[in-house]
Amino acid sequence: MNVGVRARTVSVRETWELISYVVTVVGLPFAILVFLWEQRRQRQAEEGELHQRLAETYADFLKLVLANADLNLLRRQPAAALTDEQQERRHALFGILISIFERAYVMVYEEGMSRQRRRLWQTWDDYIQEWCARDDFRAALPELLRGEDPAFADYMRRQVATAISTGPHGAAA
């Protein structure tokens, strides 16, 4: 009888050891995979929120542009002749726009972006190209880029060079 209890005790202990090995071999890698998947999902959600906040900031800027419709900032060609006060307002709006673009650049742009991040950046790249196609915006850039992030300033200068080489409507000059 004593031998049977001992045999049963050994087999229970062996069973628990086997279960602990299975948990270690299967459960631990599974837990790591779940953790990594959750981290990735959280990162994507944060990137989505960042993009949403930046998009709202740009939408607010466009509201300012609409409130200053006399500056013709929504048209491809700038207004023919602006008063000193209008030029000051235009310069202020361009300053706000540069600030928004720099924030997007610093927070979103990076070399070797993931496909998701590249997609988010492409929207900003399109906005930047659109504004760089404007003569008045390009003329204001040297002053506006003073003191800005050097990598961002270089990026903007490349966009200006591209806009100049492709002409006013995106066609090669």
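Here is a short chat about aromatic pairs and helix packing in a predicted model.

Modeller: Local features here need pLDDT of at least 70 and side-chain atom pairs count only at pLDDT 80 or more, while totals for chains, interfaces and linings use all residues. Residues are numbered from 1 along each chain as its sequence is written, and side-chain values use heavy atoms, leaving out hydrogens and water.

Colleague: Happy to start with the rings: how many aromatic pairs are there?

Modeller: Rings of Phe, Tyr and Trp (its six-membered ring) pair if their centres lie within 6.5 Å. Planes under 30 degrees apart count as stacked, over 60 as edge-to-face and the rest as tilted. By this rule, the count of aromatic pairs is 17.

Colleague: Is Tyr-127 buried, exposed or partly exposed?

Modeller: Buried means under 20% relative accessible area, exposed over 50% and partly exposed in between (1.4 Å probe, protein chains only). Tyr-58, at 4%, is buried. Tyr-127 has 25% relative accessibility, so Tyr-127 counts as partly exposed.

Colleague: How are H3 and helix H5 (residues 150-166) oriented to each other?

Modeller: Axes are lines fitted to C-alpha atoms, for helices over the stretch in contact, and angles run from 0 to 180 degrees between N-to-C directions. Those of H3 and H5 are 9 Å apart, at an angle of about 60 degrees. Angles under 35 degrees count as roughly parallel, over 145 as roughly antiparallel, 65 to 115 as roughly perpendicular and the rest as oblique. H3 and H5 are therefore oblique.

Colleague: And how are helix H2 (residues 84-108) and H5 oriented?

Modeller: Their axes come within 10 Å and cross at roughly 110 degrees. H2 and H5 are therefore roughly perpendicular.

Colleague: Which residues in H5 does H2 meet?

Modeller: Contact means heavy atoms within 4.5 Å. From H2, the residues are Ile-98, Phe-101, Glu-102 and Tyr-105. In H5 they meet Ala-151, Phe-152, Tyr-155 and Met-156.

How values were computed: Helices (H or I, at least four residues) and strands (E, at least two) are DSSP runs, numbered from the N terminus.
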